[in-house]
Amino acid sequence: MWDVEIRGMTSAHAIIAASIFMATVIPVVLVDNFSVYGTHLVWLYSVACSVAVVNIAVFWLLGISPPTKKNTLNYKLSRLIRSCVYFVLSCLFFHAVVVLYGAPLIESALETFSLAVLLSTLTTLRCLCILGPNVQAWIRVFSRDGWVAMSVWDTSLQITSSCSIVGAWFGAFPIPLDWDRPWQVWPISCSLGATGGFLTGLLAAPLWIRWHRKQLTYKLK
Amino acid sequence: MRLKASVFALFCLIIELLGIALYLRGFFPVPVKSSLSSKSKLSDQPAEPLAGSGPNSTQLPPPLFKRVVIMLIDALREDFVFGPNGKRFMPFTRQIVEEGSSHGFIAKARAPTVTMPRIKALTTGSIPGFIDVVMNLNSPALLEDNLIRQAKDAGKRIVFYGDDTWVRLFPRHFTEHDGTTSFFVSDYTEVDNNVTRHLDSTLKRADWDVLILHYLGLDHIGHISGPHSALIGPKLLEMDDIIKKIHTSLTESEDAPPDLLVLCSDHGMSETGSHGGSSEPEVSTPLVLISLAFPRKGDTVEQVDLAPTLALALALPIPRNSVGRLLPAVVEQAPLREQLRLLHLNGHQLSSLLRDSNPTYQRQDGYELFRVAEKAHGNWMKLYLEGNTSEVLGNLGRKVLKQYLEALQSMSLALSKQLGRYDMYSMIVGMGLILEVLALLLLAMPEALGGAACVDVPLAPACLSLPFCLLGLLACSTHVLMCTSAEANCYFCSLPWPLAFSALLFVAALLCSLAAMAGKRFRLAGDPRPKVSSSLDWTLSELDILLLTGTVGQTLSLGASSFIEEEHQTWYFLLNTLCLAVFQDVCRKYFKERRVLGEEREESSLLPSTTDGDPLRPSFSPATELGVSLGAEKWLALTTPLLTLVCCRLLRSLNQTGVQWAHLPDLGHWLNNGEHKVFLSVLAVFSLLLIFLLVQRHCSLVSTIALALGLLGIYSYRAAVGSVLFPWQHTSRSISKGTGEARFVYVFVLGILFTGVKDLLCSQVTAAGGGGHLRSRGLWEVYSGMVLLVALLLRPHNLPTLACCLLVQTLMVQFVWERLRYDAAQITIMHYWFGQAFFYFQGNSNNIATVDISVGFVGLESYVEVPAVILTAFCTYAGPVLWACHLMCYLSSERDRAAGALSHGCYCLAVLRSVPAALYVALTTALRYHLFIWSVFSPKLLYEATHVLIAAAACLIFTAVDHDHACSL
């Protein structure tokens, strides 16, 4: 049971990580003058889209998302709409937080919002996929007592989300340096940091779970 | 020795201060000085080189100019003359520069770009040490060899009008002078009229040889409203008219050697209108030499080049410590022989200075080049005197000229580099003291933060131990060895020997007690007794991790010059993260509860059962003081961190500081623009009202009334100075110094402080009974007095900073700190972070330029040193001081705090200040040959040192207030 779940999660993570690499490589062929720094927003959205698509495909179509009690079309539709609303809200929330951190309010608002979209994709979207649009479940996973998570997916969610955000946080560090490098331009370092953090989280989650196998007391569904 | 944690912290900070003082004394280099303390004399000038025969005449070539007018316009930036502004506002000067007989240069000033060191640089040709900034406010007479003294000794009659810094630097040098004081920054017309009124009569007379004019108005305009102010244009036009007047008068008289008009500036002006740093607009000054002697015909030169050029052109000896070189363009019309002779004189002076200041002078390129050039010069002279006039001679001469120029450049560069000599011995002793104190503080942490808040320092037993005797002997013998060795010109050696020895013995004793403490600590850690393990076994929450990593990371970030320049970004970043972490804590607290209350919700089936056994506190005290319900309290608690975040974001755009983004437009400039006076006035009124509402809650009735009157006085002071408007005052009233209004406010500040101190003293007497309440009221009243003083001193556009500071404090206390049961250490770290962030919100930076010196003259008729310095320091550090005071008031007025909270706070403050200070000192020692050591690292060092001083003062007050219990063995 354990090993199956861990193995499933590891392969899902591998697929997501591979999709990020593909999202970096494929546009080189398709788009003229593509580079991660030069046409950063293209890269950013390509990564965000591929992560979103792969996440939805893996978690929703393969049926990892929580079992729903009602299977009516209406209920599903309302869940979908709520998910979309939550995603947009989370984009706005991240945008507001980034502006509070000192990003310019008006100029380069597009860049800031793109970063917010990327962060939402890396964190909120996965939550939506795994937990569904269910605030109580989110609070359970992300509050301190919730660290005793219910399944490997919860733990993976905790680790990847916090890694992405911490990665973006660290990504802001080099901005004040006067090195005049292309990756110091807003928001390149932050989005690279977030992506790097996310990849680290994907890698770290299975390892962490294996390491703490003894301490983890998941409830069996 | 058993000490209370606060007393211990205070002692540590005082020792650290001494260490820093010693370190600073060693760090700031003694300027390059010639070994001969006397000045250059005409008689010691070197002979003209001549190969073969004996010495040639030692005479100087004849002067190139008869009379010189030096017109110094303070803060005249290079682009005010050479840029597009120059075309519009200084048409005559531009015309002269472009068409007339003149040389226009961009003269690079060296940091610190402050008036007095710049005047010294202009007149002596040397580069004054950095420490001159600190001494800038009181300028004693200049004893170094300088141009003015040379001119006076040569019998030249010098007339001076302008900034009285000159009069103080050169007492009894001027045949006639009229000094104006530069301390009333808001006056920019009268200071200049006081100079110009003498001009007509002086120009008509012929009883002077050198006329010096120093105009201050432009600098004042820069300080008030920046380089893009509407006031700049008319001022430049006025200056242009004066230049035209002087030029016309000088060209009218047809003297045999023509006259020279020098238009120069001491320093430039940054984009915010201040100066002191080393940014491009601050160091770029125009230097225009106008004379009929020049053909009509710019490049970059050093500001110090003016002194040797003027000296040579007037046939005076070059000041001995000058590191500048002759501007070849000025003498290019003279015969080749004279040109070579002048270059030779300059080279000789530089080479002797190099010889005196550099033990390895023979290996310097420039010195060698000069020797070669001198020899070639001699050969050339021989040919010349033999009457050879062929083309070959001319070519050879030009070659010699080129050699000389190369030599001069190389030697000048080598001399400028010499400025980075450090007194390593004093630095190391100071640094050792500081690092020992840091280690002591860190080792004492478990004890100091324990319940008793007492620290045991085994100083007495350490003094009796054998290692102490050995270490002491070793240190003393090293001292003797260091100080008796050759060329020992270090400060620590120049101290009286008993003092130095006792300092060294103290260092040794500290080291021994440190070792004893460390040994004890490890022994205790080794055998796990329950008492110790409970104090060591802390579980760290996310907030703790953030606070610790933030403090450590911020300290480490000081290693990069960009992070020092942009330190405000670090603090804003950390503060934001802190607010978010607090927000998370608040959310957790309130939502956890909601979850328990709302068990019956739809998703409750998913809830884990683990929360059931949660130790929920039955009731955290309802917000009694504001009388809000529990639900409202929850929402207020949730919005408090968010509101703080919004406040910080707004304040951040109020003052752009730092270096990279300092030029971006900010709200402060927009408000200070003359057209937006109405907005500024409205904002000031709102801020003052908010300040009143937030502060009066803690005050007694009398203090409240005094506070209200004081705040009214502040507004009328600002109105009198001309920054804000009264609604009934439509035409701009004549601007006064507002001394009366400011003094009116001072009376109330003193009154409130007095009431507070009286309450404190009463509480000391009646400590047994209701002393606690009285004491807390007294503290809050002292705090109100300080707020009033800060409100008076801050510029009106910074009043929102103060209001936001008070708002954040009130909300945090009401809804976050009390509710979430943070301990004293956490609260202290948060206060420290907020204090740091507000330091930068005020518009400060790690650059000397942003210190607002005009604060020192609020309510004073003339410059009085002690109050001016204290007021400036207080206003600059208003943020950290207010937050430290708030910490004290809060910790001591909390009812259910543990008794040692105040001690804990004081100790944490000392640690928080010592960690960056000590590591920064170590860092500057390691980076002392860094390229930016003078422009970035040393100003920061001064800021750090001042901050330690402020922290020590705060700890002193903490200790005085904290009389909960004494530590007895």
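**Notebook: salt bridges, cores and a nonpolar patch**

I began with Glu176(B), which comes out as partly exposed, at a relative accessible area of 27%. A reminder to myself: this is a predicted model.

Next I looked up the partner. Arg205(B) is also partly exposed, at 27% relative accessibility. Its side chain forms a salt bridge with that of Glu176(B), at 2.8 Å from N to O. Arg205(B) sits in the loop between helix H9 (199–204) and S6, while Glu176(B) belongs to strand S5 (residues 176–180), so this pair ties together parts of chain B that are 29 residues apart in sequence.

I followed up a few of them.

Arg77(B) pairs with Glu271(B), with the closest N and O atoms 3.1 Å apart. Arg77(B) is in the loop between S2 and H2, and Glu271(B) is in the loop between strand S7 (260–264) and helix H12 (280–283), so the bridge links parts of chain B that lie 194 residues apart in sequence. Are the two residues buried or exposed? Arg77(B) is buried, at 5% relative accessible area, whereas Glu271(B) is partly exposed at 30%.

I then turned to Glu447(B) and Arg521(B), whose side chains meet in a salt bridge of 3.2 Å, N to O. Here helix H19 (residues 445–448) of chain B holds Glu447(B) and helix H23 (residues 497–526) holds Arg521(B), so parts 74 residues apart in sequence are tied together. Arg521(B) counts as buried, at 16% relative accessibility. I also noted a network, in which salt bridges with shared partners join Glu567(B), Arg913(B), Lys940(B) and Glu944(B).

**Cores in chain B**

I moved on to the nonpolar cores. The largest one has 177 residues, and those with the most contacts inside it are Phe8(B), Leu578(B), Trp817(B), Trp833(B) and Phe834(B). Helix H39 (residues 933–961) of chain B gives the largest share, 15 residues.

I took a closer look at Phe834(B). Beyond its neighbours within four places in sequence, its contacts include Leu578(B), Met812(B), Trp817(B) and Trp883(B). There is also a second, separate core of 72 residues, with Leu316(B), Tyr367(B), Ala373(B) and Met381(B) among them.

**Helix H10 of chain B**

Helix H10 (residues 217–225) has Gly217(B), Leu218(B), Asp219(B), His220(B), Ile221(B) and Gly222(B) buried. Their cover includes strand S2 (68–73), helix H2 (78–82), helix H8 (190–196), strand S6 (210–215) and helix H11 (232–252) of chain B. After H10(B) comes Gly226(B), with a positive phi near 85°.

**Chain A**

I finished with chain A, which has 7 helices and 0 strands. Of its 221 residues, 48% count as buried. Its accessible surface comes to about 11200 Å², with 73% of that belonging to carbon and sulfur atoms.

Helix H2 (40–61) and helix H3 (73–100) of chain A are the elements that give two or more residues to the patch. Which gives the most? H3(A) does, with 7 residues. One residue of helix H3 is Leu80(A), which is partly exposed at 43% relative accessible area.

Technical notes: Residues are numbered from 1 along each chain as its sequence is written. Chains are lettered from A and ligands numbered from 1 in the order in which they are written. This is a predicted model: local features need pLDDT of at least 70, side-chain atom pairs count only at pLDDT 80 or more; totals for chains, interfaces and linings use all residues. Side-chain values use heavy atoms; hydrogens and water are left out. A nonpolar core is a set of buried Ala, Val, Leu, Ile, Met, Phe, Trp, Tyr and Cys residues joined through side-chain atoms within 4.5 Å. Buried means under 20% relative accessible area, exposed over 50%, partly exposed in between (1.4 Å probe, protein chains only). Helices (H or I, at least four residues) and strands (E, at least two) are DSSP runs, numbered from the N terminus. Contact means heavy atoms within 4.5 Å. Accessible areas come from the Shrake-Rupley method with a 1.4 Å probe; for residues, only the protein chains shown count as cover. A salt bridge is a side-chain nitrogen of Lys or Arg within 4 Å of a carboxyl oxygen of Asp or Glu.
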